[in-house]
Amino acid sequence: MSLTCLVTGASGYIGGRLVPELLAAGYRVRCLARTPGKLRDHPWAGEVEIVRGDVTDPRSVAAAMEGVDVAYYLVHALGSGRDFERTDREAAEVFGSRARAAGVRRIVYLGGLTPAGAPERELSPHLRSRAEVGRVLLDSGVPTAALRAAVIIGSGSASFEMLRYLTERLPVMVTPRWVGTRIQPIAVRDVLRYLVGCATLPPRVSRAFDIGGPDVLTYRAMMLKYAEVAGLPRRLIVPVPVLTPRLSSHWVGLVTPVPASLARPLTESLRYEVVCRDHDIARWVPDPPGGMIGVESALRLALQRIREANVVTRWSSAAVPGAPSDPLPTDPGWAGGSLYTDHRERVVDASPGALWRVIEGIGGDNGWYSFPLAWAVRGWLDRFVGGVGLRRGRRDAAHLRAGDSLDFWRVEEIEPGRLLRLRAEMRLPGLAWLELTVGRDDAGRTVYGQRALFHPRGLAGHAYWWSVSPFHSVVFGGMARNIAAAARAGAAGP
């Protein structure tokens, strides 16, 4: 039958992949998003209904639930502050109560696999909160399937990126003890298959399900398996007892693109053995004819997607908790009279299309076209204070869409061929944007436009702008010159 499914977290890693799977199954899909514009450029955006709202807002959740059969809860408040557990609990209570009031037939939730026998008070705050959210939804009065997964392997997942960069960059590793912990990873394709399959569970089924792949192995064995699959020399791994989860997270944040704020819950989750206690879900969502995807196949599939530049969503697809989300101010009153601007224009001896290709390809491996050391230092400083740094890179090497992460920026607006506006997600005493445009002058020549904007927060914000403004001619001036030169070179090429 044709069901109407509500998906929260559609801008995130799992949600962004679940939506097309639900559409392929013949279901109608409605997405609840705080910023609907982030979903605008997804390939499936024209096939779904997108409504504005937040899971902490009872009114918007109630409106989104109208006419819904199945509601997917794929959000969490991790990293939003010390009270994230309370925020998660209250959001789940709102979601469950509004689902019950709207007559929703089923809730489907994806949480974390908790270790057997470990007292909940000893679990990491992340796992403890995910377990509590599952209980809240199961107690909501709406039949609920609470899926619990350990490490999810797929191109772009935070767990896979952590594994990949640690193994590729460190031929010899001094590692924490948790590399010897047994885990049961699961391929993202199997996670999606379970999420879709749970939409049609019988009403009497309301319980938690452990989900995992066919292989149980240590994290150390998984790193060695990755090295084998990727064609790398065998890695030397030396576990030591002194690396705590906090130290481990900083170590991971230093070596991989995954920031310490996200690495810490991932590493804390590995302190205990996380192995499925049952496979009961197969009674209702049977294993595929060829069996579930094993670790080696999952790693090969993920690497293939990366090499083909076909990564649909990444761990950084979701907004960084605590990062600014205000759009570029257009009302002088909102700006409070303080909006610093660095504006540059250059006539470019190339077509608008050639210039746009350079603009849309900025960042990631292509860099920022000026003073690479300055950009690298700014990225290191951001990582040092807990920010995302420069190493998030790009989802796609050539194309951007609204909501994409781009190093320590996020695409706030993109008008193909004309405008790219980036909003800073680095740690700053204020809000910052970088705007790159393509236009023509009265003589019909191609014009490159570049604006850096900064809205300071307090005295520290003003001091920050004036302390870095002497470097603008080097950084922003060089960027304008080099982007124009790259466009000319591209136009002169094949």
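Buried, in these notes, means under 20% relative accessible area. I am working from a predicted model.

**Entry 1: S157.** I looked up S157 and found it in the loop between β7 (152–153) and α5 (158–169). Is S157 buried or exposed? Its relative accessibility is 4%, so I put S157 down as buried. I then checked what its side chain meets: a polar atom there lies 3.0 Å from the backbone oxygen of I152.

**Entry 2: R392.** Next I went to R392, in the loop between α13 and β15 (405–406). I noted R392 as buried too, because its relative accessibility is 1%. Which partners does this arginine have? I wrote down the backbone oxygen of D407, which is 2.7 Å from a polar atom of the R392 side chain. I also wrote down E425, whose side chain makes a polar contact of 3.0 Å with that of R392.

**Entry 3: the nonpolar patch.** I found a nonpolar patch of about 580 Å², made by F371, L373, V377, W380, L381 and V474. Which helix gives the patch its largest share? I traced that share, four residues, to helix α13 (residues 372–384).

**Entry 4: V474.** I took a second look at V474, one of the patch residues. I located V474 in helix α15 (residues 472–492). Its relative accessibility is 41%, so V474 goes into my notes as partly exposed. The range for that label runs between the 20% limit for buried and the 50% limit for exposed.

How values were computed:
Residues are numbered from 1 along each chain as its sequence is written. This is a predicted model: local features need pLDDT of at least 70, side-chain atom pairs count only at pLDDT 80 or more; totals for chains, interfaces and linings use all residues. Side-chain values use heavy atoms; hydrogens and water are left out. Patches are made of residues with over 30% relative accessible area and no salt bridge: like charges are joined within 9 Å, nonpolar side chains (Val, Leu, Ile, Met, Phe, Trp, Tyr) within 5 Å. Accessible areas come from the Shrake-Rupley method with a 1.4 Å probe; for residues, only the protein chains shown count as cover. A salt bridge is a side-chain nitrogen of Lys or Arg within 4 Å of a carboxyl oxygen of Asp or Glu. Helices (H or I, at least four residues) and strands (E, at least two) are DSSP runs, numbered from the N terminus. Buried means under 20% relative accessible area, exposed over 50%, partly exposed in between (1.4 Å probe, protein chains only). A polar contact is a pair of N or O atoms within 3.5 Å; within protein, one must be able to donate a hydrogen and the other to accept it, and residues adjacent in sequence count only if both atoms are side-chain atoms.
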